[in-house]
Amino acid sequence: LAMDVRGISDLDLEKYDADEQVKIICLGDSAVGKSKVVRFLMKCVSRPQQLSTYALTLYKYTTTINGQTVLVDFWDTAGQERFRSMHPSYYHKAHACVMVFDVQRKITYKNLPNWYKELREYRPEIPCVVVANKIDADIKVTQKSFNFAKKQGLPFYFVSAADGTNVVKVFKDAIQMALSYKKNSSDFMDEVMRELENFDLERKEESSDKEEETQQGKPDSA
Ligand SMILES: Nc1nc2c(ncn2[C@@H]2O[C@H](COP(=O)(O)OP(=O)(O)OP(=O)(O)O)[C@@H](O)[C@H]2O)c(=O)[nH]1
Ligand SMILES: [Mg+2]
């Protein structure tokens, strides 16, 4: 699977003439507005593409950040969150997460720690932002305090997918964080992936050195 994902990414970078690629995922209870937020965003970007399967919609677009062309893969699920848990492949190699709740439904806020816990099981260190959506329904909610984000040290945004308040800002920030995460990543799984890649290279080098080695005598066996 890892090989496939890597293969596809490389093709994409060429196809889109991009310098970088980030995968952003979205978490939160059903009907909080995850899809509406990303659909609003797609109206603000150039050349958006959409690939849908029964369980997942993948949005792709390119954007320029700090002079670099960044290919953004945004993953949105269709209803899997009703089962309170996402398939592990959803988290695979994600670089940032946008966690959404509905300011009009307290239960969706109360469920944030559950989503956060699952995220951290798969991706211990990726940047995560918290989105309080549907503020258009009652602007007074922006005076309320929602302490979950502060307690976890996560950026927090009041958003409306209906009128677009802060939508572009959230994603701009999330992409920027994803890029700097990619640069400085120390997630355990990423380390493992890097080691595997290096291991592959070492083995290739080793086999081309083989002839030389046998002539010089067998190295100490470990
Ligand atoms: N007033 C208002 N309604 C919104 C907003 N965002 C989403 N909605 C409405 O909330 C409902 C659910 O929105 P979706 O985008 O389908 O929610 P979702 O999180 O993708 O839901 P699932 O795909 O079922 O998990 C829809 O009726 C939207 O029109 C918003 O910012 N303001
Ligand atoms: Mg949806």
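Good morning. Please keep in mind that this is a predicted model. The protein contains eight helices and seven strands. Of its 222 residues, 41% count as buried. The accessible surface is about 13,100 Å², and carbon and sulfur atoms account for 51% of that area. Taking contacts between residues at least 6 apart in sequence, 69% join residues at least 24 apart.

Let me turn to the sheet. Seven strands form an open sheet with mixed pairing, in the order β2-β3-β4-β1-β5-β6-β7. The edges are β2, residues 49-52, and β7, residues 156-158; each has a single partner strand, so one side of each lacks a neighbour in the sheet. On average, neighbouring strands of this sheet are turned by 25° against each other, direction ignored. At one end of the order, β2 and β3 run antiparallel and are joined by four bridges. Within that pairing, Gln 49 has Lys 60 of β3 as its bridge partner.

Two helices lie across strands of the sheet. Helix α7, residues 167-184, lies across β1, β3, β4, β5, β6 and β7, at about 120° to β1. Helix α5, residues 112-122, lies across β1, β5 and β6, and runs at about 165° to β5.

Which residues of α5 are buried? They are Leu 112, Trp 115, Tyr 116, Glu 118 and Leu 119. These residues sit on the same side of α5, because they cover an arc of only 165° around the axis. They pack against β1, β5 and β6, and also against the helices α3, α4 and α6. On the face turned away from the buried side, α5 carries the exposed residues Lys 117 and Glu 121.

Glu 121 and Lys 117 form one of them, with closest N and O atoms 3.5 Å apart. The two residues are four apart in helix α5, and are therefore separated by about one helical turn.

Finally, Lys 182 forms a salt bridge with Glu 20, at 3.2 Å between the closest N and O atoms. This pair links helix α7 to strand β1, across 162 residues of the chain. Lys 182 counts as partly exposed, at 31% relative accessibility, and Glu 20 is partly exposed with 23%. Thank you.

How values were computed
Residues numbered from 1 in each chain as written. Chains lettered and ligands numbered in written order. Predicted model: local features only at pLDDT ≥ 70, side-chain atom pairs only at ≥ 80, totals over all residues. Heavy atoms only, no water. Buried < 20%, exposed > 50% of the residue type's maximum accessible area, 1.4 Å probe, protein only. Contact = heavy atoms within 4.5 Å. Areas by Shrake-Rupley, 256 points an atom, 1.4 Å probe, with all protein chains shown as cover. Pairing = 2+ DSSP bridges. Axes fitted to C-alpha atoms, helices over the stretch in contact; angles between N-to-C directions. Arc of directions from axis to C-beta. Salt bridge = Lys/Arg side-chain N within 4 Å of Asp/Glu carboxyl O.
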